[in-house]
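Subject: Handover of a structure and findings

Dear colleague,

Please find below the structure I am passing to you, followed by an account of what was found in it. I would be grateful if you could read the account with the structure open beside it.

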Amino acid sequence: MKILGISGSLRRGSYNTSLLRAAARLLPGDVEFELWGGLKEVPPYDEDDDTDEAPAAAAAFREAIAGADAVLFATPEYNSSVPGQLKNAIDWASRPLRTNPLRNKPVAVVGASTGAFGALGSQAELRKVLAATGARVVEGEVPVGRAPSCFDEDGQLVDERALEQVEEVVTSLVAATAARGEALAPTLACAA
């Protein structure tokens, strides 16, 4: 099983990227985790550019999602919503709707912010956007508020409650992914 981690933050030293690294450490040993780092290169979505020769960074984003069994998103909150660069990349990945790489893919959302509410608003917005793409959104959230106090100077998540919440979401994502794999197995066997 392979889980792709996507941070909605472009900032070096991002709390959301650190949150994904904490999640990766909590995964079972047989689960591969890949942190995707190309968000900044994905150009603004333009349907005129969405052809068989889509921009390389947009195509790479779609391929990364397609190559994963599940996706774990970590989002900061900008003006009570999802950062534009993350929403833009999801717009690229969501097309065409019926065959996009997010369709029926298990996904989960966590978030960290320097404010008190831990990106709860953007997490809710992102789950809504992902559901609209056809992704299978796993229940659960991890609101890491006042993030500077939850991570040490090396970027390690040290808040026990946040670690428990991350573990719950990761466990649910792994279980949903395994269940999806089992459900697909007979279909794949018949198609062979």
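Helices (H or I, at least four residues) and strands (E, at least two) are DSSP runs, and they are numbered from the N terminus. With that convention, P96 is placed in the loop between helix 3 and strand 4, the latter spanning 106–112. Please note that this is a predicted model.

The peptide bond from R95 to P96, however, is cis, with omega near -10 degrees.

The loop that holds P96 also holds N104. N104 is not a glycine, yet its phi is positive, at about 65 degrees. With a relative accessible area of 35%, N104 is partly exposed.

In the loop between strand 3 and helix 3 lies S80. S80, although not a glycine, has a positive phi of about 65 degrees. Is S80 buried or exposed? Its relative accessibility is 55%, and S80 therefore counts as exposed, the cut-off being over 50%.

**Helix 3 and its surroundings**

The buried residues are Q85, L86, N88, A89, I90, D91, W92 and A93. Which elements do the buried residues of helix 3 pack against? They pack against strand 1 (2–7), helix 2 (56–66), strand 3 (70–74) and helix 4 (120–133). Two of these elements, helix 2 and helix 4, are described in turn below.

The axes of helix 2 and helix 3 lie 9 Å apart, and the two helices pack at an angle of about 75 degrees. Angles of 65 to 115 degrees count as roughly perpendicular, and helix 2 and helix 3 are therefore described in that way. On the side of helix 2, the residues that meet helix 3 are A58, F61, R62 and I65; their partners in helix 3 are A89, I90, W92 and A93. Sorted by class, this contact of helix 2 with helix 3 comprises 7 nonpolar residues, no polar ones and 1 charged residue.

For helix 3 and helix 4, the axes come within 11 Å and cross at roughly 10 degrees. Angles under 35 degrees count as roughly parallel, and this is therefore how helix 3 and helix 4 are placed relative to each other. Helix 3 contributes L86, K87 and I90 to the contact, while helix 4 contributes L126, V129, L130 and T133. By class, the contact of helix 3 with helix 4 consists of 5 nonpolar residues, 1 polar and 1 charged. I90 takes part in the contact with helix 2 and also in the contact with helix 4.

**Individual residues elsewhere**

V42 is located in the loop between strand 2 (32–36) and helix 2. At 8% relative accessibility, V42 counts as buried. Setting aside neighbours within four places in sequence, the contacts of V42 are W36, A57, A58, F61, N88, A89 and W92. The C-alpha atoms of V42 and A57 are separated by 5.0 Å, with the two residues 15 residues apart along the chain.

R127 belongs to helix 4. Its relative accessibility is 16%, so R127 counts as buried. When residues up to four places away in sequence are not counted, R127 touches V109, V137, G140 and E141.

A24 is part of helix 1, which runs over residues 15–25. A24 has a relative accessible area of 25% and is partly exposed. A24 and G115 are 91 residues apart along the chain, and 24 Å separates their C-alpha atoms.

**The largest pocket**

Rolling a probe the size of a water molecule over the atoms shows where empty space is left. The largest pocket holds about 150 Å³ of space. Which residues line the largest pocket? Its lining is formed by S7, S9, L10, R11, T17, L35, W36, G37, L39 and K40. By class, this lining has 4 nonpolar, 4 polar and 2 charged residues. W36, one of the lining residues, is also among the contacts of V42.

Yours sincerely

Note on methods: Residues are numbered from 1 along each chain as its sequence is written. This is a predicted model: local features need pLDDT of at least 70, side-chain atom pairs count only at pLDDT 80 or more; totals for chains, interfaces and linings use all residues. Side-chain values use heavy atoms; hydrogens and water are left out. Buried means under 20% relative accessible area, exposed over 50%, partly exposed in between (1.4 Å probe, protein chains only). Contact means heavy atoms within 4.5 Å. Axes are lines fitted to C-alpha atoms, for helices over the stretch in contact, and angles run from 0 to 180 degrees between N-to-C directions. Angles under 35 degrees count as roughly parallel, over 145 as roughly antiparallel, 65 to 115 as roughly perpendicular and the rest as oblique. Ala, Val, Leu, Ile, Met, Phe, Trp, Tyr, Cys and Pro count as nonpolar, Asp, Glu, Lys and Arg as charged, and the others, Gly among them, as polar. On a 1 Å grid over the protein atoms alone, a cavity is a set of points where a 1.4 Å probe fits but cannot get out, and a pocket is an open set with protein on both sides within 12 Å along at least five of seven lines; lining residues have an atom within 4 Å of a point. Grid points are joined across faces, edges and corners, and a volume is the space filled by probe spheres set on the points.
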